[in-house]
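Let us walk through this model one part at a time. Keep the sequence and the coordinates open as you read.

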Amino acid sequence: MIEKYAQTLCALKQEFAKKYTGTSHIQEIIPTSSTDEFPFPQDDIDALHNFAKKNPIYGNSYEQKILDVSCMVYEGDINEYWLNSIKHGSSCQPFYPTWILSAYLMALTAKELGFRELVDIGSGDGRIAYCGKILKMDSHGIEIDDVLVDLQKVVVSSTGINFNPNCADALEFDYSSFNFTSPVFFIGGLSQMGGDVLATSIIEKINSISNLKQTTCIVFAGSHSKRQLSGNQKSGGWSGLIEKHNLIELKTILLPTVWTFDQDLDTPYIFTKFI
């Protein structure tokens with residue numbers, strides 16, 4: 001069913017993009033209430049809206065019906081955070097968030113696949129970890145940029161939902177301190193933009209923790225752009241790393257992100273585990 005929700009969200013994004021006449025740096029939509037298209041608990045829908053309302057990157061919102069679905073449009077600006085996020089030498093990608101509802105669908109996918117803990121590597125403003133927390137997962141965000149971590153702490157304080165922001169270099173972090181049993185790791189960064197280096201480091205750290213390898217899921221953000229993929233167009237650019245580290249693909253879902261707002265194809269998220 002999650003694939004169906006993802007397809008519906010992508011269709012809404014395409015229609016919204018055609019009609020959007022605003023000039024905001026970023027924009028996204030969230031259904032105003034639980035619907036047949038998105039039959040999630042109303043408390044979860046309300047929590048997604050609360051994240052946007054309490055997040056300083058959004059400065060305006062208004063209601064709009066898109067393909068007969070009543071939605072709230074949120075407009076914002078991430079320029080300040082984008083500029084700050086590229087100053088770190090080990091950062092794999094500037095701050096470009098996925099959509100909030102996309103983050104919810106990713107966390108929901110991980111939970112339905114049976115994973116209990118969630119770690120968002122390069123967590124930005126914390127939206128994936130936040131969604132994991134409202135889905136009752138043990139959530140943690142790892143973010144190297146102190147300004148973005150301060151932003152996460154603002155969201156934690158104003159929403160009352162603590163998704164455990166950590167200001168740390170993911171390449172150096174000690175993941176054994178979490179005492180996980182069945183975690184999912186979301187890798188922030190495309191393979192072609194240094195995400196492969198980050199992912200390799202995380203995989204090596206997982207391998208070093210006793211009995212964790214067999215129960216871990218790793219999620220990669222891919223791309224369908226031929227320009228970005230060059231010769232590697234399989235698995236959103238991650239096929240080489242997936243094969244090298246003996247991973248198998250559990251599921252791939254396409255979801256809207258800030259960087260695919262004006263594109264026909266959305267972002268593939270590839271859920272994998274060790275053979």
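**From sheet to helix to side chains**

Three strands form an open sheet in the order β1-β3-β2, and their pairing is antiparallel. β1 and β2 are the edge strands, each pairing on one side only. On average, neighbouring strands of this sheet are turned by 25° against each other, direction ignored. The model is a predicted one.

Look at the pairing in more detail. β2 and β3 run antiparallel and are joined by eight bridges. Y62 stands opposite V73 in β3.

α1 lies across β1, β2 and β3. Its direction is at about 105° to β2. Helix α1 covers residues 2–19, which is 18 residues. At 1.5 Å a residue it should span 26 Å, and its end C-alpha atoms are 26 Å apart, so the two values agree.

Which residues of α1 are buried? They are I2, Y5, A6, L9, C10, L12, K13, E15 and F16. An α-helix has 3.6 residues a turn, so residues three or four places apart point the same way. The buried residues of α1 pack against β1 (26–31), β2 (58–66) and β3 (69–76). They also pack against α4 (100–112) and β9 (247–255).

Charged side chains come next. Side chains of opposite charge can pair when their charged atoms come close. How many salt bridges does the structure hold? There are five salt bridges. One of them joins the side chains of E3 and K251, at 2.7 Å from N to O. E3 lies in helix α1 and K251 in strand β9, so this pair ties together parts that are 248 residues apart in sequence. E3 has 31% relative accessibility and therefore counts as partly exposed. K251 is partly exposed too, because its relative accessible area is 23%.

K19 forms a salt bridge with E15, and their closest N and O atoms are 3.3 Å apart. K19 and E15 are four residues apart in helix α1, so about one helical turn separates them. Are these two partners buried or exposed? K19 is partly exposed, at a relative accessible area of 46%. E15 is buried, at 18%. The cut-off for buried is under 20% relative accessible area, so E15 falls on the buried side.

Turn to D125. D125 forms a salt bridge with R127, with the closest N and O atoms 2.6 Å apart. Both D125 and R127 are buried. Salt bridges that share partners join E28, D125 and R127 into one network.

Aromatic rings are the next topic. The count comes to 16 aromatic pairs. Among them is the pair of Y130 and F163, which is edge-to-face, with 6.1 Å centre to centre and 75° between the planes. This pair links distant parts of the chain. Y130 is in helix α5 (residues 127–134), while F163 is in the loop between α6 (146–159) and β6 (165–167), 33 residues apart. Y130 and F163 are both buried.

F186 and F271 make another pair. Their ring centres are 6.1 Å apart and their planes are at 85°, so the pair is edge-to-face. F186 lies in strand β7 (residues 183–187) and F271 in strand β10 (residues 267–274), so the pair ties together parts that are 85 residues apart in sequence. F186 is buried, with a relative accessible area of 2%. F271 counts as buried at 0% relative accessibility. Rings also gather in a group: F173, Y175, F178, F180 and F185 form one aromatic cluster.

Finish with the backbone in two loops. K136 is not a glycine, yet its phi is positive, at about 70°. K136 sits in the loop between α5 and β5 (138–143). With 71% relative accessibility, K136 counts as exposed. Where is N211 found? N211 is in the loop between α7 (195–207) and β8 (217–221). Phi of N211 is near 65°, a positive value in a residue other than glycine. N211 counts as exposed, at 65% relative accessibility.

Technical notes: Residues numbered from 1 in each chain as written. Predicted model: local features only at pLDDT ≥ 70, side-chain atom pairs only at ≥ 80, totals over all residues. Heavy atoms only, no water. Expected span 1.5 Å × (residues − 1). Buried < 20%, exposed > 50% of the residue type's maximum accessible area, 1.4 Å probe, protein only. Contact = heavy atoms within 4.5 Å. Salt bridge = Lys/Arg side-chain N within 4 Å of Asp/Glu carboxyl O. Pairing = 2+ DSSP bridges. Axes fitted to C-alpha atoms, helices over the stretch in contact; angles between N-to-C directions. Phe/Tyr/Trp six-rings, centres within 6.5 Å; stacked < 30°, edge-to-face > 60°.
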